[in-house]
Amino acid sequence: MNDITLKLVADDLILSALKEDVTSEDITTNSVMPQYKKGEVDLICKEDGVIAGIEVFKRVFELLDKDTEFICSVKDGDEVKKGEKLGTVRGDIRVLLSGERTALNYLQRMSGIATYTRSIVKLLENCHTKLLDTRKTTPNMRVFEKYAVKVGGGCNHRYNLSDGILLKDNHIGAAGGVKEAVLMAKEYAPFVRKIEIEVENLEMLKEALEAGADIIMLDNMSVEDMKEAVRITRGRAQTECSGNVTKENISRLVDIGVDFISSGALTHSAPILDLSLKNLHAI
């Protein structure tokens, strides 16, 4: 995550998180550290995984005090090991204490998503299918969570509702049918936008192809039907399969031949990567 993204997008979100944690003052810190004193604390990894969110972690402390330093020995995407020291945060001890939990919340959450994503990407290494995330993200965390998916080796689906057209079951119901939904989208949307539509059976698939959809999402279909859908669709549109895809069940989808597999679990079910700030002392 570069400096421009941090300043334009992430800073306001990070500040909001800090304000959630400190509404008026950090009573605990102010009671034991009433005045400035310089110190440092170590960032320790407590389990194996993939690190993501280093710049966000650093930015939490910088927004509290621009003079805070973070000396780091790893970068986003690196695989880290239990017990490894990843870096040292140095600055006003009051800042280190007040920013600790918010900084760790971001880094643990993002690293957990990157770790989980990497584990699934490895299961897809021998096929052409790409792994996608979804919009099933934590409110006000999307920019961080989708970035973490990329760090883990996955790909981002549309970022938000303004980013692309995806006609799901309720859109189809509102439009009056598959054909009607695709044609209405084609008429309304700029020509540079691709149109994706969700189908639940082969009849819906055929109707979507005849209407000219660009991407067909095969939602909760059987493996046999998805294989047939890929055969029918080949060369006419791209294919994506979705529906409760997790690390435990994705192996059944590897040989289907779809272009994409989307998984909400990447962001809504990934466990955190356990990290800790330890050994705080004055310098």
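This is a predicted model: local features need pLDDT of at least 70, side-chain atom pairs count only at pLDDT 80 or more; totals for chains, interfaces and linings use all residues.

Analyst: Here is a short tour in questions and answers.

User: Let's start with H4. How many residues does it have, and how far does it reach?
Analyst: H4 covers residues 93–123, which is 31 residues. From its first C-alpha to its last it reaches 44 Å. That is close to the 45 Å expected at 1.5 Å a residue.

User: Where is the kink in H4 centred?
Analyst: On Glu100. The kink is about 50°.

User: How many of the residues in H4 are buried?
Analyst: 22 of its 31 residues are buried, so H4 is mostly covered.

User: Switching to rings. How many aromatic pairs are there?
Analyst: The count comes to three aromatic pairs. One of them is Phe57 with Phe61. Their ring centres are 5.4 Å apart and their planes are at 75°.

User: Why is that pair called edge-to-face?
Analyst: Because the planes are at 75°, and an angle over 60 degrees counts as edge-to-face.

User: Where do Phe57 and Phe61 lie?
Analyst: Both are in helix H3, residues 54–64. They sit four residues apart, about one turn of the helix.

User: Which residues form the aromatic cluster?
Analyst: Phe57, Phe61 and Phe70 form one cluster.

User: What about Tyr106 and Phe144, how do their rings sit?
Analyst: The centres are 4.8 Å apart and the planes are at 55°, so this pair is tilted. Tyr106 lies in H4 and Phe144 in helix H5, residues 142–151. So the pair ties together parts that are 38 residues apart in sequence. Tyr106 and Phe144 are both buried.

User: Now the surface. Which residues form the nonpolar patch?
Analyst: Ile4, Leu8 and Val9. Together they have about 310 Å² of accessible area.

User: Where is Ile4, and why does it count as exposed?
Analyst: Ile4 lies in helix H1, residues 3–21. It counts as exposed because its relative accessibility is 57%, and the cut-off is over 50%.

User: Last one, Gly164. Where is its place?
Analyst: Gly164 is in the loop between H5 and strand E7, which is 165–167. At 18% relative accessibility, Gly164 counts as buried.

User: How far is Gly164 from Met141?
Analyst: They are 23 residues apart in sequence. In space they are 20 Å apart, C-alpha to C-alpha.

Conventions. Residues are numbered from 1 along each chain as its sequence is written. Side-chain values use heavy atoms; hydrogens and water are left out. Helices (H or I, at least four residues) and strands (E, at least two) are DSSP runs, numbered from the N terminus. The expected span of a helix is 1.5 Å times one less than its number of residues. The bend at a residue is the angle between axes fitted to the seven residues ending there and the seven starting there. Buried means under 20% relative accessible area, exposed over 50%, partly exposed in between (1.4 Å probe, protein chains only). Patches are made of residues with over 30% relative accessible area and no salt bridge: like charges are joined within 9 Å, nonpolar side chains (Val, Leu, Ile, Met, Phe, Trp, Tyr) within 5 Å. Accessible areas come from the Shrake-Rupley method with a 1.4 Å probe; for residues, only the protein chains shown count as cover. A salt bridge is a side-chain nitrogen of Lys or Arg within 4 Å of a carboxyl oxygen of Asp or Glu. Rings of Phe, Tyr and Trp (its six-membered ring) pair if their centres lie within 6.5 Å; planes under 30 degrees apart count as stacked, over 60 as edge-to-face and the rest as tilted.
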